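Please keep the structure in view while reading.

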Amino acid sequence: MKKKGILFIFLILCLVLIGCGSSNKNYNQISFYIDDEIYMTEKVASGSILDEPEAPYKSFSYFNGWVTADDVKYEFDESVYSNINLYASYSINYADLINEITTNLIKANVQVMNTTYNKSGFLGIQTDVETSYGSGAIFNEQNGKYYLMTNNHVLYNSKNYQDISIKDYLGNTYKASVVTNSLQSSYDLAILFFTKTDELAVFTLATANEVVNSEVVAIGQPNLQMNAITLGIIEQYQIGRVENSKSEINIDFPAIRHTAFTARGSSGGALLNTKLELIGIHYAGQDTTNFSDVCFAVPIEKILEYLDLYF
């Protein structure tokens, strides 16, 4: 009996130890990220195989797989023995991106025509007439009006009179007016508005500056060509002062330097990220032949600051 009692106690201890061992089993945390934001987390028993999650959808993009912080593709047939951070890798679907722009967003892109003149004699005959052209980006619609941003220098007026008109993607024209106090040389930005008579589109504003090396899309009216679309990257942020400019351009903050080709007439045009959010307004380029692949845009954080003050 004594031996049976000892054996019984031994068996109980073994069961307790086995139970404790199973409750203390090691687990590893796997964190999945999309655009540096947490997408999902999963706890996996150490030594087991991680199941690959369903491919997450991202607009205008192909999903390439999950990669480590070193940009190495993760193989899901390997056993897990530590905590892991994995990041969704994408490449741009340019066909879908351009199709969305040409089908829908192009409706938020307009040409700005600024005609300045003097008047002479009893009949008020127009003299010294000059017309300059730029681009504009519709960013707001309210109370039966569209509001767009362009450059302050596009609306430069050294004469006594001024007429401003807008031409949309279909060639329809509208008479425009300047929002009071919106002509600001320190941002090289201005706001115009016109009455809504046709269905156009409105750009979505980004909330933060894009990082260097991000791909970008420029839309504008270079050399009077309507609705031109070019692609490039952000090279850096630097102060892009304009040499020999009039007093209407006094930018003294780091601007987006990018490589999406522009030309004269692109001033005031939209610069977009690959989510097709507005991240900048083009204002200058380093060109000697009316064509530039080194271009500058007012960044979105400065645009939001400007809108908070003057809109």
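Contact here means heavy atoms within 4.5 Å. On that basis, among contacts between residues at least 6 apart in sequence, 63% join residues at least 24 apart. The model is a predicted one. The protein holds three helices and 18 strands. Of its 311 residues, 41% count as buried. The accessible surface comes to about 17100 Å², and carbon and sulfur atoms account for 50% of that area.

Six strands close into it, in the order β5-β6-β7-β10-β9-β8, with antiparallel pairing. From one strand to the next, the twist averages 40°. One of the pairings can be followed in detail: strand β7, residues 145-150, runs antiparallel to β10 over six bridges. Within that pairing, Tyr-146 has Phe-194 of β10 as its bridge partner. Helix α3, made of residues 300-310, lies across β6, β7 and β10, and it runs at about 65° to β10.

Is Phe-194 buried or exposed? Buried means under 20% relative accessible area, and Phe-194 counts as buried because its relative accessibility is 1%. Leaving aside residues up to four places away in sequence, Phe-194 touches a set of residues that includes Ile-138, Tyr-146, Leu-148, Ile-166, Tyr-174 and Leu-200. Gly-144, Lys-145, Lys-175 and Ala-176 are also among the residues it touches. Lys-175 is 19 residues away from Phe-194 along the chain, and the C-alpha atoms of the two are separated by 6.3 Å.

Leu-123 lies in the loop between β5 (109-120) and β6 (125-142). Exposed means over 50% relative accessible area, so Leu-123, at 70% relative accessibility, counts as exposed. Together with Phe-122 and Ile-125, Leu-123 forms a nonpolar patch on the surface, and the accessible area of the three comes to about 450 Å².

Strand β13, residues 254-258, is mostly covered, with four of its five residues buried. Which strands pair with β13? Strand β12, residues 228-239, pairs with β13 in the antiparallel sense over five bridges. There, Gln-236 stands opposite Arg-257 of β13. Strand β18, residues 295-299, also pairs with β13 in the antiparallel sense, over three bridges. In this pairing His-258 has Cys-295 of β18 as its bridge partner.

Strand β16, residues 278-285, is mostly covered, with seven of its eight residues buried. It also pairs with strand β15, residues 270-272, in the antiparallel sense over three bridges. In that pairing, Ala-270 has Ile-281 of β16 as its bridge partner. The hairpin of β15 and β16 has five residues between the strands, and in it Leu-276 takes a positive phi near 65°.

Methods. Residues numbered from 1 in each chain as written. Predicted model: local features only at pLDDT ≥ 70, side-chain atom pairs only at ≥ 80, totals over all residues. Heavy atoms only, no water. Buried < 20%, exposed > 50% of the residue type's maximum accessible area, 1.4 Å probe, protein only. Helix = DSSP H or I, 4+ residues; strand = E, 2+ residues; numbered from the N terminus. Pairing = 2+ DSSP bridges. Patch = residues over 30% accessible without salt bridge, like charges linked within 9 Å, V, L, I, M, F, W, Y side chains within 5 Å. Areas by Shrake-Rupley, 256 points an atom, 1.4 Å probe, with all protein chains shown as cover. Salt bridge = Lys/Arg side-chain N within 4 Å of Asp/Glu carboxyl O. Axes fitted to C-alpha atoms, helices over the stretch in contact; angles between N-to-C directions.
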